[in-house]
Amino acid sequence: MEGSNILIVDNCKTYIENAVKAFSETGIQSTLYFAENHIEAWSLLQGDQKLSPLPKIMLIDINAVGINGIDLISKIRLDSELKSILIFVISNINNNENKLAALNLNVAGYMHKPFGNEEIITLFSTLNNYWNNIEFSSKSK
Amino acid sequence: MIHKLVNILLVEDDEVDVMNLKRAFKKNNIQNELFVAGNGVDALDMLRTAIVASPRIIILDLNMPKMNGIEFLEILRKDEKLKSISVFVMTTSNEDSDKIDAYNLNVAGYILKPLSFEKFITSVATLDNFWSLCEM
């Protein structure tokens with residue numbers, strides 16, 4: 001995972017601060033980028049501020065106010081350059097319609113968003129372990 | 001351990017690898033029901049006839065007779081009733097083209113088959129820990 005980018009789409013400041021700390025404590029070596037909403041996220045994926053390299057992983061709270069997560073994921077899945085991004089939904093808001101839509105868009109995981117420090121570290125430690133044990137492609141077709 | 005109700009379909013033609021996975025599941029105390037299909041054709045049949053009922057996830061080998069893993073994935077993703085199933089590739093193929101094809105068909109992970117049984121146990125433990133976080 002070293003040298004790769006991870007894009008987090010979330011606008012909860014407390015959660016983001018804790019996530020940054022947890023990334024550091026678990027030794028995740030990717031570069032983190034943040035977007036507060038789907039518009040900012042798209043700008044980092046295909047707009048003026050397009051990331052290079054593109055992220056291989058995205059973490060999105062699809063239920064956060066101001067984030068039209070399902071629309072964003074749908075656009076990603078239709079884009080030949082972006083469609084293979086591994087997307088993880090991390091949310092603590094129950095929205096079954098969104099959950100079903102996200103699963104139908106083949107998110108890699110749909111997870112509950114923790115707020116306690118210990119739980120956040122556990123989450124990212126588990127994710128980091130998972131990401132370090134899977135293969136990623138070096139380029140896209 | 002993932003939610004007990006989730007069924008796991010292993011699509012794998014190599015009997016040794018099937019045995020390794022079953023043993024690794026046992027070592028990790030994974031008690032979810034494990035179904036096995038030897039190729040993509042049989043796997044689709046088991047899914048469509050609900051032999052493997054929802055909720056379910058798939059562990060998928062790529063190099064198989066009759067229908068390989070990528071061909072199976074293409075059909076799975078076009079099937080309205082099956083397209084949302086999470087798929088984890090477990091294969092000996094380290095070819096970039098296979099990884100690209102698999103991720104373009106939105107697998108949730110691509111794992112190289114471990115060479116030793118000890119590493120199989122660890123690999124399954126990693127999967128199990130990840131699955132325990134996921135809602136299905």
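Reader: Hi! How many residue pairs are in polar contact across the interface of chain A and chain B?
Author: Hello! This is a predicted model, and across that interface the rule finds eight residue pairs in polar contact, both partners being at pLDDT 80 or more.

Reader: Thanks! And which parts of chain A supply the side that touches chain B?
Author: Four elements of chain A each supply at least two residues of that side: strand E4 (86–91), helix H4 (96–104), strand E5 (109–112) and helix H5 (117–133).

Reader: Which of them gives the most?
Author: H5(A) does, with six residues.

Reader: What kinds of residues are on that side of chain A, then?
Author: They divide into eleven nonpolar, eleven polar and six charged residues.

Reader: How many residues are in contact overall, and what area is buried?
Author: 28 residues of chain A are in contact with 28 residues of chain B. The buried area between the two chains is about 2,600 Å², and carbon and sulfur atoms give 55% of that.

Reader: How many salt bridges are there between chain A and chain B?
Author: The count is two. One of them is formed by the side chains of A:Glu135 and B:Lys99, at 3.0 Å from N to O.

Reader: Are those two residues buried or exposed?
Author: B:Lys99 is buried, with a relative accessible area of 5%. A:Glu135 counts as partly exposed, because its relative accessibility is 22%. A:Glu135 lies in the segment after H5 of chain A and B:Lys99 in helix H4 (residues 96–104) of chain B, so the pair joins two chains.

Reader: Why does A:Glu36 count as partly exposed?
Author: Because its relative accessibility is 38%.

Reader: Let's hop to chain B. Which residues are linked in a network of salt bridges there?
Author: B:Glu12, B:Asp17, B:Asp61 and B:Lys113 are. Within that group, B:Lys113 forms a salt bridge with B:Asp61, with the closest N and O atoms 3.5 Å apart. B:Lys113 lies in the loop between strand E5 (109–112) and helix H5 (117–133) of chain B, and B:Asp61 in the loop between strand E3 (56–60) and helix H3 (69–78) of chain B, so the pair ties together parts that are 52 residues apart in sequence. B:Lys113 and B:Asp61 are both buried.

Reader: And where does B:Asp17 lie?
Author: In helix H1 (residues 15–27) of chain B. B:Asp17 counts as buried because its relative accessibility is 14%. Leaving out residues up to four places away in sequence, B:Asp17 touches B:Glu12, B:Lys113 and B:Phe120.

Reader: Back to chain A. Which way do the residues of E4(A) point?
Author: A:Leu86, A:Phe88 and A:Ile90 point one way, while A:Ile87, A:Val89 and A:Ser91 point the other way. In a regular strand the side chains alternate between the two faces of the sheet. Here, six of the six residues of E4(A) are buried.

Reader: How does E3(A) run relative to E4(A)?
Author: They run parallel, joined by four bridges. In E4(A), A:Ile87 is the bridge partner of A:Met58.

Reader: What about helix H2 of chain A: which residues are buried there?
Author: A:Ala41, A:Ser43, A:Leu44 and A:Leu45 are. Their cover includes strand E1 (5–9), strand E2 (31–35), strand E3 (57–60) and helix H3 (69–78) of chain A.

Reader: Which residue caps the N-terminal end of H2(A)?
Author: A:Asn37, with a side-chain oxygen 3.0 Å from the backbone nitrogen of A:Ile39.

Reader: Last one: what does A:Ala22 touch?
Author: Not counting residues up to four places away in sequence, A:Ala22 touches A:Ile120, A:Ile121 and A:Phe124. A:Ala22 lies in helix H1 of chain A and counts as buried, at 1% relative accessibility. From A:Ala22 to A:Asn117 the C-alpha distance is 7.8 Å, although they are 95 residues apart in sequence.

Key
Residues are numbered from 1 along each chain as its sequence is written. Chains are lettered from A and ligands numbered from 1 in the order in which they are written. This is a predicted model: local features need pLDDT of at least 70, side-chain atom pairs count only at pLDDT 80 or more; totals for chains, interfaces and linings use all residues. Side-chain values use heavy atoms; hydrogens and water are left out. Contact means heavy atoms within 4.5 Å. Buried area is the accessible area (1.4 Å probe) that two parts lose on being put together, summed over both. A salt bridge is a side-chain nitrogen of Lys or Arg within 4 Å of a carboxyl oxygen of Asp or Glu. A polar contact is a pair of N or O atoms within 3.5 Å; within protein, one must be able to donate a hydrogen and the other to accept it, and residues adjacent in sequence count only if both atoms are side-chain atoms. Ala, Val, Leu, Ile, Met, Phe, Trp, Tyr, Cys and Pro count as nonpolar, Asp, Glu, Lys and Arg as charged, and the others, Gly among them, as polar. Buried means under 20% relative accessible area, exposed over 50%, partly exposed in between (1.4 Å probe, protein chains only). Two strands pair if DSSP finds at least two bridges between them.
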